Amino acid sequence: MQPVKEKSLVKLRELLFKEDLQKLKQLEDEVVHLKARLSDKEALLISLEPIIADLLERKIVNSRNEMAEVLAPIMSAAIRHQIVEAKEDVIDALYPIIGKTIRKSVAEAMKKLVDSVNQRIDRVFKGKLFARQVKSKITGVSRGELFLKEALPFQIEEIFVIHKATGLLIKHVSAVESTASVDENLISGMLTAIRDFVAESFKTDTKADLNEIKYGDLKVILEMGRYTYLAVVISGIEPDEFRENLEKLERRIHNRFYKVFRQFDGDINACQEIVKPIQKFILTYNSAPLKAVAHSPKPYLRYILITIFAILVIGFTAFKLTDFFAQRKLLKQVQSKLELIPELDLNTIEYKIDDEKLLVAGQVQSIQVKNQISSALQSIQGLNNVENQLTVHFSPPRKVQLEQNIHEKLMPFEQLPGFHVHGIVEGNHIIIEGEVPELQAKREIGFLMSEIQEAQVIINNLVVTKQQKSLPDSLQILQKELIFFNIDQIAVLPEQTAILDKLLKFSQDLENIQIKISGYSDDLADSTYNLQLSEQRARSVANYFRANNFPPPNMHIHFYGEAYPIATNKTETGRAKNRRVEIEIIQKR
Amino acid sequence: MEKRIEIRKKICMLGAFGVGKTSLVRQFVFNKYEDKYLSTIGVLISQKQLPPFRKSDSGRIEQLEFIIWDLANIEKYNKMTKNYFRGAAGAIAVCDLTRAHTFEEIDQLLNKFLEINPKSRIVLAGNKIDLVDQQLIEMERFLHLSDSYQTTYTLTSAKTGENVEQLFVCLGNELLKSE
C-alpha cells in the first residue's frame, strides 16, 4: 500500500507546485546565464556601454569642471606618451587633418584679403569699378586679381638685334617714348663683351650661353641665333609661351635676313626692314601702341648697364678674389717702399702688378731716383719681376748741372776748326746741335754724350758739313738702313729680312747701283773678336743679297768691330743698337 | 638732301702697357668716357662718328661710326682677348716712340690680331711724338714696322692731341677703301 500512497503524493505535489517549480527552474537558468555574462568582460562592456556613456554624458554635462580637472592630467600624460612613442604615426595621422585645416585657413585669409582689396579698390577707383565688375563677371576672375594684373602687367620694353661676331647693333626697337642717346651701341657692345666674359669664365662642357640678366623688375633675355642674337628687355611676369614665341621671332628674322647677316659689314641701312616683325611681336604683348621706334633708348637703360656691371663685379670678384687681395697687399708694400724715397714724387709715376710682375711707368727727376726705385722694389718678396719703364725728366737745378757737364765734354771740340757744337737738355733728352766737318766727328761726339749716365735719349742733330766730300762727287747715297743682331750672332734675324727685301726692291729698277755694307759689334768681347764678328755680320747681309740675285761686284763690305757705336755700350739697350749692319744704296752718276 | 649711308665698324686698340691707347681714345671720343667700364670687365667700349666721306667711285656719302674696343691688360694675351678681337674690321696699333720694346710687343699683338681678322685694316700710331725727335733710331724702327705690315702710320700725341683725329680718320679711309 505504501508505493501507491507515495505516487499520489508526488502527483499531488506536482499539481500544487508545478507553476512554482517552473519559475524556479527559469530563475536557476537566468542565474546561470547572469553568471556567465558577468564572467565574460567583453560581453559585459557591450551591455554596459550605452548605460555608462549615458551616465558619463550626464555627469560631464552636470559637472564639466570637475570632470576636466580629474581627466586633464591623465589625458595629457597619455597624449605625451603617445607622441613620444609613436611620433611618425601621430604625424601621419594628423597630416591630412592639419593640411586641410591650413588650406582652409589660407583660403579663408585670401578670401578676406581679396574682399578687403575689392573694398579698397571700390573706394579708391570708383570710376573704373563698373568696367572692372563687368570684366570680372565675363572672365570669372575676381576684381582684386584683375587689379593686380593691371598694376603689374607684362611689357616688352626694348628689343635689340645684335650681330653676334662683332657686337655691333643692327637694330634697336623701343616700345616706349624716350630721349635720344648713344647708349644703345654701347649696350650692344657691352652685352657681347659680357657674353664672351661669362662664356670664358664659367664655361662648361655643354654649349651653354648667357641667356638672362635680371635687375629688379627688369629682365634682359638673350635669344641666340646663328648670326645675331636678340636682347629683349621686359618687365612684369612673362607669359608661359613667351620664350617659345621669342624663339620663333628669332627664327623668322633669321629666315628673312640671313643673307644680309652673313655678309654684314656694318651697313645698318641694309637691315631697315627688320623693324617690322619686331614691332609686330611687341604689339602682340604690349597693350599700349608703340610710341617710338628705334634709335631711342631711355633712362632705365642705364639701370641695365648698372645691372650688367653689378653682375660682372660679383663674377669678377669671385673669380679673382684671391689675386685681388694678394695684389692689393703687394701694391701696399710697393707704396710703402716708394714712400721711403724722399726725392720721389709719387704723383708722377704709376704702377701695376700683372702676374707677380710689377710694371712701373712715369717720370722721375734723376737716374739715381730711378735706380733707387728699382732697388727698393726688388727687395719686395713675392714680386718675381720688376719692369722699370720710368723715364728721367730733369728738374731745373739738375738740368743746369747736366748742361754744364755737356758743355765741358764739348769744349775740346769747340776749339777745333770747323766745329760749332752745343748741347741742350729738354725733358729727358740731350740734344746736340751744330756743325762738324766729318761724320766720324759726329759719331765721336754722340759716343761721348752716351757716357753721361743721366742721358736716357741722345738726339744727335749735328750737321756734317763735309759729308759730301767723304764720297766722290760722282756718288750719291739714295737709301740707308740698319739691321740688328742678337748677342754673338751673325745670322740675319727673320724679322729683319723685310728691310733687306725693301732695299733690294728699291734698287732693282735703278742703274749704276752699289751697296755698301758696314758691320759693327758691341764691346762685350775683345776687339779682335769683335772685328771678326762685325765682318761676319756684314758678309751675312751680303750673302742674303747675293742669294736674291744682287750682283756681287756691286757690293762693298766694310767692318769696324766695336768702333763707331751709335749708343752706349753700358746698357743692354745700347749694346743691342750697336750690334748692327748699316746698308747704304749708292748710285754712280 | 642726299642720303647718307651709315656704316658701323668695330675697331680695336692694340698696344703694350702705357703706350697711350686709352688716352688716344679719350682724346678722340672726348665726350663719352667712363673709366669704370675698363676696370670692371677689362674693356672700354666707346663710340664716335667720323666726318662724312664721299666715295669717289660711287659718289655716295658714307658715314662711319666707330665702336672702339680698348682692352686692358692686352699684353696678357689669352682666350678672352681673342674673343674681344673677333669681328673687328680694323685696329689702331699704338707704339710708344720713347720705348723701343713696345714695337716688339705690337708686332706680336698684330700677328695675333691678323690671325683672327686677316682682312682687317691696320693703322700704326707712333705715340708720344711730343717727347721724341724723328732722327732717333726708334723712329727708323717704327718706319720699318710700318713697312713690314704695309700699313699707313700716323705720329700722334695723346697729350697734346696732335694728329689724334687724323689717326682715326686715316683708319676710316682705309676701311672705306677696302669695301
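Okay, let's start with chain A: among its contacts with a separation of 6 or more, 65% are between residues 24 or more positions apart, where contact means heavy atoms within 4.5 Å. Before I go on, this is a predicted model, so local features need pLDDT of at least 70 and side-chain atom pairs count only at pLDDT 80 or more, while totals for chains, interfaces and linings use all residues. Housekeeping: residues are numbered from 1 along each chain as its sequence is written, chains are lettered from A and ligands numbered from 1 in the order in which they are written, and side-chain values use heavy atoms, leaving out hydrogens and water.

Chain A has 17 helices and 16 strands; those are DSSP runs, H or I of at least four residues for helices and E of at least two for strands, numbered from the N terminus. Of its 589 residues, 38% count as buried, meaning under 20% relative accessible area, with exposed over 50% and partly exposed in between, using a 1.4 Å probe and protein chains only.

Now the hairpin. Strands β1(A), residues 155–163, and β2(A) run antiparallel, joined by 5 bridges; a pair needs at least two DSSP bridges. Phe160(A) sits opposite His172(A) of β2(A). Between the strands there are 5 residues, and Gly167(A) has a positive phi near 80 degrees.

What about the largest nonpolar core? It has 82 residues, and Ile156(A), Ile159(A) and Trp69(B) are among those with the most contacts inside it. By core I mean buried Ala, Val, Leu, Ile, Met, Phe, Trp, Tyr and Cys residues joined through side-chain atoms within 4.5 Å. Helix α7 of chain A, residues 183–201, gives the most to this core, with 8 residues. Looking at Ile159(A), and skipping residues up to four places away in sequence, its contacts include Lys171(A), His172(A) and Val173(A), plus Phe281(A) and Ile282(A).

Over to helix α1 of chain A, residues 2–39, where we find Leu21(A). Leu21(A) counts as partly exposed because its relative accessibility is 48%.

Last stop, Glu343(A), in the loop between α10 (301–339) and β6 (349–354) of chain A. Is Glu343(A) buried or partly exposed? Partly exposed, because its relative accessibility is 40%. Leaving out residues up to four places away, Glu343(A) touches Gln365(A), Ser366(A), Val369(A) and Arg398(A).
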